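Here is a short report on two contact surfaces. The structure comes first, then the numbers.

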There are 2 protein chains.
Amino acid sequence: MTDAASSYSTLRWDNGRLLLLDQTALPDEERMIECRSYRDVADAIRTMKIRGAPAIGVAGAYGLALGAREIAARDREEFTRQLRAIASALLQTRPTAVNLRWALERALTVLDRFPSATVDALRDRLLDEAHAIAHEDVATNRAIGEHGASLMAPGERVLTYCNTGSLATVDYGTALGIIRTAHERGKRPLVYVCETRPYLQGARLTSWELLRYGIPGSLITDNAAGYFMSRGQVDRIIVGADRIAANGDVANKIGTYSLAVLARAHEIPFIVAAPLSTVDFRTPDGTAIPIEERRPEEVTHLAGVRVAPERMPALNPAFDVTPNHLVTAIVTDAGIAYPPFSHSLADLAKVPLGGAGDRRVAR
Amino acid sequence: MTDAASSYSTLRWDNGRLLLLDQTALPDEERMIECRSYRDVADAIRTMKIRGAPAIGVAGAYGLALGAREIAARDREEFTRQLRAIASALLQTRPTAVNLRWALERALTVLDRFPSATVDALRDRLLDEAHAIAHEDVATNRAIGEHGASLMAPGERVLTYCNTGSLATVDYGTALGIIRTAHERGKRPLVYVCETRPYLQGARLTSWELLRYGIPGSLITDNAAGYFMSRGQVDRIIVGADRIAANGDVANKIGTYSLAVLARAHEIPFIVAAPLSTVDFRTPDGTAIPIEERRPEEVTHLAGVRVAPERMPALNPAFDVTPNHLVTAIVTDAGIAYPPFSHSLADLAKVPLGGAGDRRVAR
């Protein structure tokens with residue numbers, strides 16, 4: 001297989017190394033960083049140089065491919081042992097999003113699928129698998145975009161959160177992919193971009209993407225979302241997801257839950273967009289999803305500048321859980337799931353992944 | 001009357017000039033700025049070097065006293081005409097908070113109260129009135145603190161918003177004054193401080209005050225408030241107000257409305273604290289309250305650093321309106337108002353202002 005991801009800018013494989021667009025430098029600088037080892041990849045994920053659940057999954061798969069090349073063992077059993085340790089180290093980087101686990105587990109299936117392959121052959125198969133995951137991610141996002149855009153009327157004012165575009169995926173995006181598809185279909189969406197504290201993925205990344213695509217949008221502070229909803233200026237909310245429990249509870253960027261409560265209070269459709277690989281059928285509901293706590297400095301500092309007094313404690317949960325009863329629909333690559341999600345998500349999971357057909361689950 | 005406000009740090013009159021603690025420099029630097037003209041005061045209010053509805057009111061009264069000294073006219077009629085123009089200019093600085101209008105109108109009553117006073121005497125009376133407003137503000141806040149703290153149980157975890165402490169008033173504070181009183185009474189409140197984008201009054205100012213008073217608190221991003229509520233970690237929300245309509249609708253810092261919706265969803269008491277001078281009986285309900293739109297740069301930049309891409313539009317409403325049905329109680333200096341507020345607020349307004357007695361209005 002050729003370097004399937006080579007045309008993408010968020011991340012691409014290039015001659016034995018993984019190149020990542022450093023998202024901490026955006027929007028001011030488009031700087032690629034180079035990962036030559038699995039530790040480089042783990043660091044890039046941990047420090048959020050690359051972020052977004054699908055992109056983290058793909059980066060993790062490439063990290064495993066890099067790790068496989070670092071293992072000196074020529075004995076398959078020892079190789080396997082070390083490879084699993086590397087997968088485990090990569091998995092520790094961010095605990096909430098499930099796509100990383102999904103991608104690593106999928107990559108590790110080469111061990112079973114090629115039981116008699118040499119260590120060298122396994123290294124190649126692991127890289128092929130990373131390429132395949134990257135390649136499929138784009139098709140997956142395109143399918144999400146098609147399904148989601150079908151829900152939208154012309155001229156809708158859509159509020160979105162965090163960054164769920166090209167930068168959060170290999171290319172195109174999930175929630176932002178829906179908005180892009182609607183835009184490409186001439187539906188003229190208008191976007192409210194929540195800045196998304198503390199990391200400002202909305203202000204820095206989604207704004208950057210919208211300007212590139214020529215989609216009209218306005219940046220707002222997260223706390224202004226309710227104001228615009230109360231004035232009848234928001235027709236739909238579309239967000240991504242880092243993990244969706246089997247019952248449809250959604251873990252996503254901190255603040256998503258507040259938007260969902262506000263959406264319900266204003267009877268605004270609250271749409272979650274994610275690849276089916278984000279649905280974790282092993283997690284029955286949201287209470288079982290681990291919520292990553294990040295460094296307080298992300299709250300007390302902004303863009304490298306300390307804004308709070310020294311010694312002021314801060315709490316920095318990176319995600320929250322939106323209960324399924326606040327979710328109007330979950331748009332996946334396999335179709336749109338409606339409540340009750342425990343049934344509709346399971347139904348979608350039985351159909352082949354990545355398909356763009358209109359396989360909706362009836363309400 | 002002596003310089004009643006001279007012992008306060010937020011603002012004080014000193015030998016013909018108004019000294020203000022520059023709140024844009026906090027928490028890093030405690031820098032006083034000097035206002036020698038009403039234009040200096042207007043600029044300080046407009047640029048938020050001084051902010052907080054009660055503090056703006058007092059600053060406005062001192063600004064009028066400064067303006068009175070700038071008027072060259074010795075003819076009382078011409079003096080009055082120019083004085084009213086200065087009051088009008090000061091009133092334009094911030095449209096939402098009503099305390100500024102209240103303080104200016106109160107100061108202008110000296111014209112009627114001293115119909116035969118000379119221009120020189122009127123200048124003295126205007127300064128006396130500013131001193132009186134400043135002096136009463138502290139007593140008012142102490143009364144709010146006593147009334148509000150009576151609602152609180154020991155060990156309550158209180159979420160607060162923006163800055164409503166000493167820095168928002170002449171001294172002590174409104175919503176934060178309640179928390180301070182509870183702390184001084186040994187009730188050991190624990191505080192969640194919302195950072196309050198875009199201006200970060202919570203991160204910069206409320207954090208700074210809590211550290212000075214030794215009240216334990218944690219800074220959170222505004223979008224994390226719902227998360228902590230959903231986990232049962234918030235017992236009460238206490239916020240200030242910039243204007244309260246006759247029916248109890250509350251205009252306050254952008255994001256207050258979202259907190260109120262979340263409070264209702266989690267059955268958490270939502271308390272508004274403000275001097276009775278914040279109640280605008282001429283405004284029947286919240287729809288009539290003008291919402292100030294501030295510069296988009298406050299959203300696209302943070303602490304002087306641009307965070308969003310150039311050319312990204314931003315919307316920056318500075319306030320929102322919380323409808324009365326989401327408000328549990330309004331704590332004033334004259335007592336606590338409960339729904340229906342159109343009755344309870346009017347009842348409170350009939351009692352003398354500034355009193356600290358326990359004149360509650362029955363539920």
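## Chain and domain contacts

Between chain B and chain A there are 4 salt bridges (a side-chain nitrogen of Lys or Arg within 4 Å of a carboxyl oxygen of Asp or Glu). In one salt bridge, R197(A) meets E195(B), at 2.6 Å from N to O. This is a predicted model: local features need pLDDT of at least 70, side-chain atom pairs count only at pLDDT 80 or more, and totals for chains, interfaces and linings use all residues. Residues are numbered from 1 along each chain as its sequence is written, and side-chain values use heavy atoms, without hydrogens and water.

Contact (heavy atoms within 4.5 Å) joins 56 residues of chain B to 56 residues of chain A.

Chain A itself is assigned domain 1 (11-141) and domain 2 (146-362), with bounds from an automatic or database domain assignment. Their C-alpha centres lie 25 Å apart. Domain 1 of chain A gives 32 residues to the contact and domain 2 of chain A gives 36 residues. There are 4 salt bridges between these domains. E292(A) pairs with R94(A) in a salt bridge, with the closest N and O atoms 2.8 Å apart.

Buried area is the accessible area (1.4 Å probe) that two parts lose on being put together, summed over both.

| Parts | Buried area | Carbon and sulfur share |
|---|---|---|
| Chain B and chain A | about 4,200 Å² | 68% |
| Domain 1 of chain A and domain 2 of chain A | about 2,900 Å² | 52% |

R51(A), T96(A) and N141(A) supply 22% of the area that domain 1 of chain A buries against domain 2 of chain A, more than any other three residues.

Key. Chains lettered and ligands numbered in written order.
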